[in-house]
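Please read them with the structure open beside the text.

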Amino acid sequence: MFGVVSLQSVMLLVAVAFVVAFVLLLYMLSPLVNPARLGLSGAHVVVTGGSSGIGKAIAIECVRQGACVTLVARNEAKLLQAKREVEEHVVNESQAVLCISVDVSNDFNQVESVIKQAQEKLGPVDMLVNAAGTSVAGRFEDIKPQEFKRLMEVNYLGSVFTSLAVVPGMKERRKGRVVYVSSQAGQLGLYGFTAYSPTKFALRGLAEALQMEVKPYNVYVTLAFPPDTDTPGFHEEIKDKPLETKLISETAGLYQPEFVAKVIVKDAVLGNFNSSVGSDGYMLCSLTSGMSPVTSITEGLQQVVTMGLFRLISLFYLCSFDSIVRRCMMKREGCTSPKTE
């Protein structure tokens with residue numbers, strides 16, 4: 001009996017020593033995989049969807065850090081107004097702010113042409129931020145088929161076209177950042193977002209595959225998952241949101257675009273693949289990490305350690321969401337069902 005216990009103790013000590021040695025080795029190797037920080041002073045940043053919301057806030061944050069910015073959006077009047085607002089935050093005379101009106105989801109050749117124009121004026125693109133997007137909220141059967149197509153074109157293909165226009169140059173120069181602004185609705189499907197969520201999920205597949213391609217060229221991709229943010233788009237979206245969607249979304253709170261922009265820009269500059277906001281965002285990134293890239297060994301270890309606990313917590317969230325949906329359904333059917341005598 002004593003020999004068995006001793007053998008088990010030795011095996012346990014060996015296992016613990018192996019784990020400790022493995023962790024130390026990972027920490028020693030982690031500086032080798034961490035990307036170098038991208039300085040924004042004098043850099044050229046292109047921001048799609050830059051006329052309002054998170055896109056405009058990101059442009060302002062980049063300008064505050066010394067970058068030159070090209071704003072891209074469809075509405076020319078909003079673009080000109082955004083340009084004036086962004087210019088108020090320049091920190092030196094060498095900075096410039098351009099604005100180009102184009103629909104990034106319509107024609108790749110047109111997108112490529114305007115990107116070339118911007119590069120001729122401000123130099124090669126050092127960072128591309130794909131913040132252009134739109135949303136439709138409603139029950140699946142109430143959404144028109146063409147809306148599914150429109151959202152995929154704007155939210156997904158718009159990001160593909162701009163990336164195709166800048167990635168080859170980044171690879172050639174061995175330098176660059178590509179940012180995709182997804183959503184927490186791109187990490188889990190929610191009631192009312194059957195048209196919106198798939199377009200944001202698609203960005204994840206694009207970002208993961210592209211990161212594997214461009215990483216050897218010192219180009220890094222950041223996939224941002226912002227929560228509900230106090231933007232004009234959000235306020236337009238809530239007008240038609242089903243009650244279930246509103247109640248579920250309220251559990252995560254509402255953030256200001258300036259705060260969200262600071263987080264996204266910081267992660268992009270550092271070369272972090274995942275960019276999340278708040279404790280819920282951190283939990284979702286860990287839960288949905290799967291085979292996604294990690295920027296550092298530390299990040300990977302944190303995901304390994306926390307995933308089980310976060311999965312347990314998420315089950316309570318899911319039960320709460322299901323309860324909200326059931327209550328709303330019962331209330332709706334109770335109000336619409338004919339009265340019995």
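1. How many helices and strands does the protein chain have? This is a predicted model, and its protein chain has 11 helices and seven strands. The C-alpha trace of the chain spans about 85 × 75 × 30 Å along its principal axes, and buried residues account for 45% of the 341 residues.

2. The pairing of two helices deserves a careful look. Helix α5, which covers residues 145-173, and helix α6, which covers residues 197-214, have axes that come within 9 Å and cross at roughly 15 degrees. Since angles under 35 degrees count as roughly parallel, the two helices α5 and α6 are therefore described as roughly parallel to each other, and α5 passes α6 in a right-handed crossing.

3. Which residues make the contact between these two helices? On the α5 side they are Leu151, Met152, Asn155, Tyr156, Ser159, Val160, Val167 and Lys171, while α6 contributes Pro198, Thr199, Lys200, Ala202, Leu203, Leu206, Leu210 and Val214. By residue class, the contact of α5 with α6 divides into 11 nonpolar, three polar and two charged residues.

4. The structure holds six aromatic pairs, and one of them is formed by Phe140 and Phe148. Their ring centres lie 5.7 Å apart and their planes stand at 70 degrees, so this pair is edge-to-face, given that planes over 60 degrees apart are classed in that way. As for accessibility, Phe140 counts as exposed because its relative accessibility is 53%, whereas Phe148, at 25%, counts as partly exposed.

5. Most residues other than glycine have a negative phi. Arg174, however, has a phi near 60 degrees, which is a positive value in a residue other than glycine. Arg174 is found in the loop between α5 and β5, the latter being residues 176-181, and with a relative accessibility of 46% Arg174 counts as partly exposed.

6. The other such position is Asn218, a residue other than glycine whose phi is likewise positive, near 65 degrees.

Technical notes:
Residues numbered from 1 in each chain as written. Predicted model: local features only at pLDDT ≥ 70, side-chain atom pairs only at ≥ 80, totals over all residues. Heavy atoms only, no water. Axes fitted to C-alpha atoms, helices over the stretch in contact; angles between N-to-C directions. Helix = DSSP H or I, 4+ residues; strand = E, 2+ residues; numbered from the N terminus. Parallel < 35°, antiparallel > 145°, perpendicular 65-115°, else oblique. Left-handed = near helix turned anticlockwise from the far one by under 90°. Contact = heavy atoms within 4.5 Å. Nonpolar A, V, L, I, M, F, W, Y, C, P; charged D, E, K, R; others polar. Phe/Tyr/Trp six-rings, centres within 6.5 Å; stacked < 30°, edge-to-face > 60°. Buried < 20%, exposed > 50% of the residue type's maximum accessible area, 1.4 Å probe, protein only.
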